Amino acid sequence: MADHRPARSRQDALAQRLLEERLSRRRFLARMAALGAGVPLLAACGAAATASPTAAPTPSPAPGTAGPETAPPTAEPTPVPTPEGELFVYNYADYIGEDTIPSFEAKYGIKVTYDFFDTYETMTAKISTGNSGYDVTFATGVDVPGFLARGLVQPLDHSLIPNLVNLGAEWQDPAYDPGNAHSVPYMWWTTGFGYDTAKVDEELTSWDALWDERWKGKMAMLDDYRESFAVALIRLGYSINTTSDAELDEALALLQQQKPLLRKYTADDIGDLSSGDVWISHAWGADVAQAATERESLVYVLPAEGAIRGSDAMVLLANAPHPVAANLFINHMLDAEVSAGNTNYVYYMGPNEAAKAFIDPEILADPTLNPEKAQVAKLQEILDLGADLQKYQERWTKLRAGA
Amino acid sequence: MGRDRARDAVFLVPGLAWLVVFFAIPLGIIFVVSLGTRDQFGGVVLDNPGLGNYQRALEPDFLPTVWNSLRYAFLTTVLTIVVSYPIAYWISRHGGRHKVLLLVLVMLPFWTSWVIRTYAWMIILRDNGVVNGILTGLGILDQPLALLNTDLAVVLGMTYGFLPFAILPLYVSIDRLDPALVAAARDLYASGRAAFWHVTLPLTMPGIIAAALLTFIPAIGDFVTPDLLGGAQTVTIAKVIQTLFLSSKDWPFGAALGFLLITVTIVGTVGTLRILRREVIG
């Protein structure tokens, strides 16, 4: 307790003041420490997140059952150049096989730092600076030309990536990246919605379910403005890549109607569906399959009125500090067994033809994870709209900020 | 003495330098950015600087989020002080030998990441979480309560997070109170409650005000807790700013909103301190 007797000398006064103030300084230091601890609350904090496609002028190939002629499942570059000792990879969470990184590290002795981003926009914001410190990241395929135009990616060294031959024929030379000069496809996916059949006692087949008052407070939409607007535009019968202000205003109105019924806009559809907090969620197909490993009553639906498809691609960033290691990593990901390992773990289908020999046959046979080529061709792909993206972004801000 | 004062003024330098380098200059940068417009890729274009973003910020679209921010910050502050005061009082009056240990325990949560602690709240509050598990397990409820993704969850999470910010200044203020004053009040036939109301409370008001400010100001800017514990309807102005920077890539507009938020907070704080000057000095 502080000493309240009158100070007898300047020293006493000083001592008294120090005693009284000691805790104030402690409080100040504690506060500074707390602010330091509280600052890095940005996105990259663990929460799972999943693919969120954005844009590009030309669509990626419709995946399907293509040419069976492939090279041997695994090929190594010869001679192996000396890779750097480290590699920095930036990817979505829950989007790689369990053994992929360890097997790479063991094979080449390269230490891999594998970081997550929760939303696609966080990643694009980070790499836009040009000096993110990362070597490899996963961009939506149709975005690659845009990244190239902005100087964010550099050409791959195909001499280090002999496993390219493993790609299915339709992925070998995609329209968005001729000759796979700057990217290698990673996985392709569809976006529909998932729901818990144990909680929802009827069969849902249409996007209308996400506007149904009966499930108020139990639904979620993806925290991704292109994906969410796409759902509204599909319901209205417009193109999901429209740039018409009138059509976008209608879509905004529809989403604003929906907002009071939603529990949240989620970046973690897997977590929400598997925890049971959300009964119906706008979600990526393979994510629903992952959530279903924890909650078996979950089911994925590709509504008949339309849905989305897309693909992600690995790119080598422009100022990558470890380009050789990065190219070797991309080659490793194209290895048939590694690629199959990824698919078997996260349920997303890859573009790797040779991997099909090693993929779990249940996944190959599952129509929600590996739909028929004809069905996939009917899905729409989210394309890069360049300057018109602002129209979506402004309306998204309005949607999120409004009541 | 002039020379002493000038010599002691040198102690201000580190604090002032910190303030200038890490606050004043970044604030200036934010202001400059807010005068620009965005380009196609989310960069900042400063060809035609103007106050257009500020006009946009004052549009009614954003009023619900401003209201949410104010509401959460206010409720959090009140709840935090109500919970912190008894704790600080007890530590001061009855902590005895263990006072330092108790204070360390109060600050211990800061050794864990804020986000992880907020995640713990998610686990506690969600439909299949601890609270609902207990309530349904005991048969009190049939269906789980939707606790997570509500205003309640946000305020609870924020209160929990800001408790140490409030306990410490309250502790200091209560500790300085001379118990002889309270004893004197009791001697003059005041009841315990009257003594508290007329003696303790007014004399610890500086601590309460400090605690309130230390809670309210960060609470207004907190976007993590409303984001993780809140839902679609609990959007705060801080979250809108985050959305503008990361998703919508409209940095100039986000900067304008941020600058407004900071300015209003500073003005409010300084204003409050002036009005309550008498109470603050004690």
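Me: Which helix of chain A holds Thr100(A)?

Reply: Thr100(A) is found in helix H2, residues 100-108. A helix is a DSSP run of H or I with at least four residues, a strand is a run of E with at least two, and both are numbered from the N terminus. This is a predicted model, where local features need pLDDT of at least 70, side-chain atom pairs count only at pLDDT 80 or more, and totals for chains, interfaces and linings use all residues. Residues are numbered from 1 along each chain as its sequence is written, chains are lettered from A and ligands numbered from 1 in the order in which they are written, and side-chain values use heavy atoms, with hydrogens and water left out.

Me: Why is Thr100(A) called buried?

Reply: Buried means under 20% relative accessible area, exposed means over 50%, and partly exposed lies in between (1.4 Å probe, protein chains only). Thr100(A) has 3% relative accessibility, so Thr100(A) counts as buried.

Me: What is Thr100(A) in contact with, leaving aside its neighbours within four places in sequence?

Reply: Contact means heavy atoms within 4.5 Å. By that rule, Thr100(A) is in contact with His332(A), Met333(A), Val338(A) and Asn342(A).

Me: Why does Phe138(A) count as buried?

Reply: Phe138(A) sits in strand S3, residues 136-140 of chain A. Its relative accessibility is 0%, so Phe138(A) is buried. Beyond four places in sequence, Phe138(A) touches residues including Val89(A), Phe117(A), Tyr186(A) and Met333(A).

Me: How far apart are Phe138(A) and Ser311(A), in sequence and in space?

Reply: They are 173 residues apart in sequence. In space, C-alpha to C-alpha, they are 9.8 Å apart.

Me: What makes the pairing of Asp272(A) and Thr266(A) a polar contact?

Reply: A polar contact is a pair of N or O atoms within 3.5 Å; within protein, one must be able to donate a hydrogen and the other to accept it, and residues adjacent in sequence count only if both atoms are side-chain atoms. The side chains of Asp272(A) and Thr266(A) make such a contact at 2.6 Å.

Me: Why is the pairing of Lys218(A) with Asp127(B) called a salt bridge?

Reply: The definition asks for a side-chain nitrogen of Lys or Arg within 4 Å of a carboxyl oxygen of Asp or Glu. For Lys218(A) and Asp127(B), the closest N and O atoms are 3.2 Å apart. Across the interface of chain A and chain B, the rule finds 2 salt bridges.

Me: How many residue pairs are in polar contact between chain A and chain B?

Reply: The count is 11, both residues being at pLDDT 80 or more.

Me: What area is buried between chain A and chain B?

Reply: Buried area is the accessible area (1.4 Å probe) that two parts lose on being put together, summed over both. Here it is about 4400 Å², with carbon and sulfur atoms giving 60%.

Me: What share of chain B is buried?

Reply: Buried residues make up 42% of its 282 residues. The secondary structure of chain B comes to 15 helices and 2 strands.
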